[in-house]
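Subject: Handover of a structure and its findings

Dear colleague,

Please find below the structure that I am passing on to you. My notes on what was found in it follow directly after it.

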Amino acid sequence: MADRGSLLRRILRSINQQLPRPTVAEFRWRTRPSVIRPRPASCISSLFLHWRQYSTELQHHMSPELMKLMEQRLSAIENRSDHLHQIVNQPEASPEEYSRANKELRKLRDVAELITDLRAKQKEINDLKSVIADCQDDKDMKEMASEELDQAMAEEKRLQYLLLKHLLPKDDADERDCILEVRAGTGGEEASLFAMEIFKMYEKYSQRSGWKFEVIDVAQSDLKGYKEASASISGVGVYGKLKFESGIHRVQRVPVTEKSGRLHTSAVSVAILPQADQVDVQLRNEDLKIDTYRSGGSGGQHANTTDSAVRITHIPTGITVTIQDERSQHKNKSKALKVLCARLYEMERSRLHSIRSQFRSEQIGSGDRSERIRTYNFPQGRVTDHRVGITSHSIDDMLEGESLDTFIDALLLQQEMDAISSFVSSE
Amino acid sequence: MATSVGSKFLDLDNGPDSTLLHRELNWLIQDSLGEGEPATLSCAASASSSGSTSSKKVVKLRTCLDDLYRLWKERIEDRRPFQYLVGCEHWRDLVLSVEEGVLIPRPETELIVDFVEDVLAENYGDGLKEGLWADLGTGSGALAIAIGRILGCNGRVIATDLSPVAVAVTEYNVKRYCLQDKVKVKQGSWFEPLEESEVELGGIVSNPPYIPSDNIAGLQAEVSKHEPILALDGGANGMKDLLHLCNGAASMLRPGGFFAFETNGEQQSQFLAGYMESELGGRLVDIKIESDLAGIPRFVKGFKAR
């Protein structure tokens, strides 16, 4: 994830483009005007108090409730860690007990180290406080101690923040590569043309981010737009950054095909699927039917053809994937398999997600592809993300893949806040 | 030109239709783009659609437009195979050089490499991965090269072909994939070029000519007018060479060695499997018929008895 300072600055910049300058403290409310979409944001706001700017660095204060919760978790981890250390140091522990304890300790190591640092810092703070109390008369000493106390407290905050991030639930898929699927929805040719632009927007954004963007398959429309297109995007943290792009992207403009100059609204659906392999989805060869769907003939030496299209059917789910763009059958097959694995993996994830979300309120990134997430309004030159209520006025930069970070960063921030709120409500 | 074909070739002899020809045209242009030109789909697509104004970018071509036009005319009027026009065929993850006189490797044949991969994964202990393999009637060298790439560091492949053109093309392809140390190319009929030291084969693969002589004239024009008959005509019933290979496999394979042959389809596969079971005194075992992706029983594979 981008470092928080630059992330916020970028968001602030984009907001400054559209609103009378808000004070920094106001920022959080401005990013989600309740007019657009009322959300149960108030619970988060009271927990995650306010953001303040110290010179260029941004720091935040956690609410007492959140602090209390975190403290409980930290002591629980400390107790667990002590208990595990005891097992490991016991000569009479069985090999299974030993290795299980060791494994868990390894998992806890990072967070345990942070806790140790935090405790040391907290002790330092207490010591400094008593120094200050003891030397009310020695002005120089008191001043020195206060200075150190400020530093120590800042360090304590930093450690607390790092720990909080450790404790928040992580999506294991964030580090994965992804499959991008873009489909033209309502709006005919115009939707296909816009699907192509959106597809290329992600291509450019990927290049900018240093990711590898490989086209998997493109089904062109009559005007050379894209009825459907898919690509494989790989690099560092690809899925984690792009996952919020799934959903309906709406476009409002006068299409090139429109002679009377009437404004049209069309839609394009985008799906971002984490990549998976056959092991992830426990794919068995006997569940697959792989065939060419060419018309008859004897094949083999009888036929000279450049058609090497392959169709894979996953028998248990009935999902079929067809790839024909590659020049060899082997490559078409492996691409089709890649797409199939991603789809199956996503199915399993959304099944798990729907079980989980029965217990908590709906959040962003639910992967609900029927949700209208963004509007690209050409006459007004703006792009609005409906989930965070942010509008960018540089539609051209957006389609060049330049300003997409404005939204992505805001969505990531939102995700973190949602995670904090569910961290609290799960207690 | 491609559009005017419609489904004429398809109806005539199961040849390519317009959709397929359009895609070939895209590829032709992609392949003729100069170094450093982005060979993206959109670029080639807009360049190929006459009258399209969506892309006005100037691209460098390696061939002049007149030559491209002449080549494409040969494709449509003479039914010259696309792979001969561009001089290459994409096969599995390989790009193989091909020219008149060499059979263009077929997508069906790709599966033989999958069979070999499976065997190598399962029989690692048997040392097949480090053994000596033979691709008989190698053509462009497709099977030999693909197998050469999946064998272990001591594994070797011998590729034989009667045709001097095929031998030259295979040698060129082997060099392109830097496999000179791994794949040896020899001119001669089937097993003949093998030396005495090379009779204990770990595996044999082949896509021999298997089309019955009577059927040659009725083949798709791309095949009958342009591809080498030597690589297609399998004698009266198409089984002449396949039977020879079966007998050879029974004596040349080492115990536990693997073989896979491509055939004309169900009839030949069943005949061949039956022949191996009944006529070779149990020397070939575990005989299985495998289908290609169009569902045609295309291959016979198995092992030499231990």
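A salt bridge is a side-chain nitrogen of Lys or Arg within 4 Å of a carboxyl oxygen of Asp or Glu. One such pair joins the two chains: the side chains of A:Arg327 and B:Asp31 meet in a salt bridge, with 2.9 Å from N to O.

Before you read further, please note that this is a predicted model, in which local features need pLDDT of at least 70 and side-chain atom pairs count only at pLDDT 80 or more, while totals for chains, interfaces and linings use all residues. Residues are numbered from 1 along each chain as its sequence is written, chains are lettered from A and ligands numbered from 1 in the order in which they are written, and side-chain values use heavy atoms, with hydrogens and water left out.

The interface

Between chain B and chain A there are three salt bridges. The two chains also share 21 residue pairs in polar contact, both residues at pLDDT 80 or more (a pair of N or O atoms within 3.5 Å; within protein, one must be able to donate a hydrogen and the other to accept it, and residues adjacent in sequence count only if both atoms are side-chain atoms). On the side of chain B that touches chain A, α3 (18-32) is among the elements that give two or more residues; helices (H or I, at least four residues) and strands (E, at least two) are DSSP runs, numbered from the N terminus. The largest share of that side, six residues, comes from α3(B).

In total, 45 residues of chain B are in contact with 32 residues of chain A, where contact means heavy atoms within 4.5 Å. Chain B and chain A bury about 3,200 Å² between them, and 47% of this lies on carbon and sulfur atoms. Buried area is the accessible area (1.4 Å probe) that two parts lose on being put together, summed over both. B:Arg23, B:Trp27 and B:Leu293 supply 21% of the area that chain B buries against chain A, more than any other three residues.

The sheet of chain B

Strands of a sheet pair through backbone hydrogen bonds, either parallel or antiparallel. In chain B, seven strands form an open sheet with mixed pairing, in the order β5-β4-β3-β6-β7-β9-β8; two strands pair if DSSP finds at least two bridges between them. Because β5 (183-187) and β8 (284-291) of chain B stand at the edges with a single partner strand each, one side of each is left without a neighbour in the sheet. Within the sheet, β7 (residues 253-262) and β9 (residues 297-304) of chain B pair in the antiparallel sense over five bridges. B:Phe261 stands opposite B:Val300 in β9(B).

Helix α11 (residues 240-252) of chain B packs on this sheet, touching β3, β6, β7, β8 and β9 of chain B, and its direction makes about 165° with that of β7(B). Axes are lines fitted to C-alpha atoms, for helices over the stretch in contact, and angles run from 0 to 180 degrees between N-to-C directions.

Chain A

Three strands of chain A form an open sheet in the order β8-β9-β10, with antiparallel pairing. Strand β9 (residues 310-314) of chain A pairs with β10(A) over five bridges, and A:Ile312 stands opposite A:Val321 in β10(A).

A:Lys123 forms a salt bridge with A:Asp127, the closest N and O atoms being 3.3 Å apart. Both residues, A:Lys123 and A:Asp127, lie in helix α5 (residues 95-134) of chain A, four residues apart, about one turn of the helix.

Yours sincerely
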